[in-house]
Amino acid sequence: MTEDDPTDEISEIEAQIEELAESAERSRRIILGSKVATAAGFALLLIALLGLFGAGQTAALGSIALVLGGIVSLGSNVSTLRQTEAAISSAEARRARLIGNIDLRLVHDAPLKLM
């Protein structure tokens, strides 16, 4: 890669942006699963506390574990998603700067091609 031709670096940045976008999408799916787990834990805890469907102490403990696990997973992945989105923004800014530094030339008198 030479200083005059930043296309290789732009390609690497675009590949990095794609990887980061996939990571962000994984984090979003995990966040959704964490929210579902937390809601399910709360529902199971309510069922256990009301004594419905013969749910006992084991169901109550399991629901508490589900709620806590969902909250921890949610917090961790929200943090990861924020960091990933910041990295994507940074990479996009770097790519835009590199593209802006390319000396593009306009072609004024080129003949029109007929298809």
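Tutor: Let us begin with contact, which means heavy atoms within 4.5 Å. In this chain, residues 24 or more positions apart account for 77% of the contacts that have a separation of 6 or more. Please keep in mind that this is a predicted model, in which local features need pLDDT of at least 70 and side-chain atom pairs count only at pLDDT 80 or more, while totals for chains, interfaces and linings use all residues. Residues are numbered from 1 along each chain as its sequence is written, and side-chain values use heavy atoms, with hydrogens and water left out.

Student: How many helices and strands are there in the chain?

Tutor: Helices (H or I, at least four residues) and strands (E, at least two) are DSSP runs, numbered from the N terminus. Here the chain has two helices and zero strands. Its radius of gyration is 25 Å, well over the 13 Å that the globule rule gives for 115 residues, so the chain is more spread out than a compact globule. That radius is taken over C-alpha atoms, and the globule rule is 2.2 Å times the number of residues to the power 0.38. Along the principal axes, the C-alpha atoms fill a box of roughly 85 × 35 × 15 Å.

Student: Which residues form the largest nonpolar core?

Tutor: A nonpolar core is a set of buried Ala, Val, Leu, Ile, Met, Phe, Trp, Tyr and Cys residues joined through side-chain atoms within 4.5 Å. The largest one here has five residues, namely Ile 10, Ile 13, Ile 17, Ala 91 and Leu 98. The elements that give two or more residues to this core are helix 1 and helix 2 (57–101), and helix 1 gives the most, with three residues. If we leave out residues up to four places away in sequence, Ile 13 touches Ala 91, Arg 94, Arg 95 and Leu 98.

Student: Is Ala 24 buried or exposed?

Tutor: Ala 24, which lies in helix 1, counts as buried, because its relative accessibility is 1%. Leaving aside neighbours within four places in sequence, Ala 24 is in contact with Leu 81 and Thr 84. The C-alpha atoms of Ala 24 and Ile 88, 64 residues apart along the chain, are separated by 9.3 Å. Thr 84 has its place in helix 2 and is also counted as buried, at 8% relative accessibility. Again without residues up to four places away in sequence, Thr 84 touches Leu 20, Ser 23 and Ala 24.

Student: Why does Glu 19 count as exposed?

Tutor: Glu 19, found in helix 1, is exposed because its relative accessible area is 56%. The C-alpha atoms of Glu 19 and Gln 83 are separated by 14 Å, although these residues are 64 positions apart along the chain.

Student: How should I read residues such as Val 78 and Ile 47, which are partly exposed?

Tutor: Val 78 lies in helix 2 and has a relative accessible area of 25%, so it is called partly exposed. The C-alpha atoms of Val 78 and Arg 28, 50 residues apart along the chain, are separated by 8.1 Å. Ile 47 belongs to helix 1 (residues 7–50) and is partly exposed too, with a value of 26%. The C-alpha atoms of Ile 47 and Ser 90, which are 43 residues apart along the chain, are separated by 47 Å.

Key
Buried < 20%, exposed > 50% of the residue type's maximum accessible area, 1.4 Å probe, protein only.
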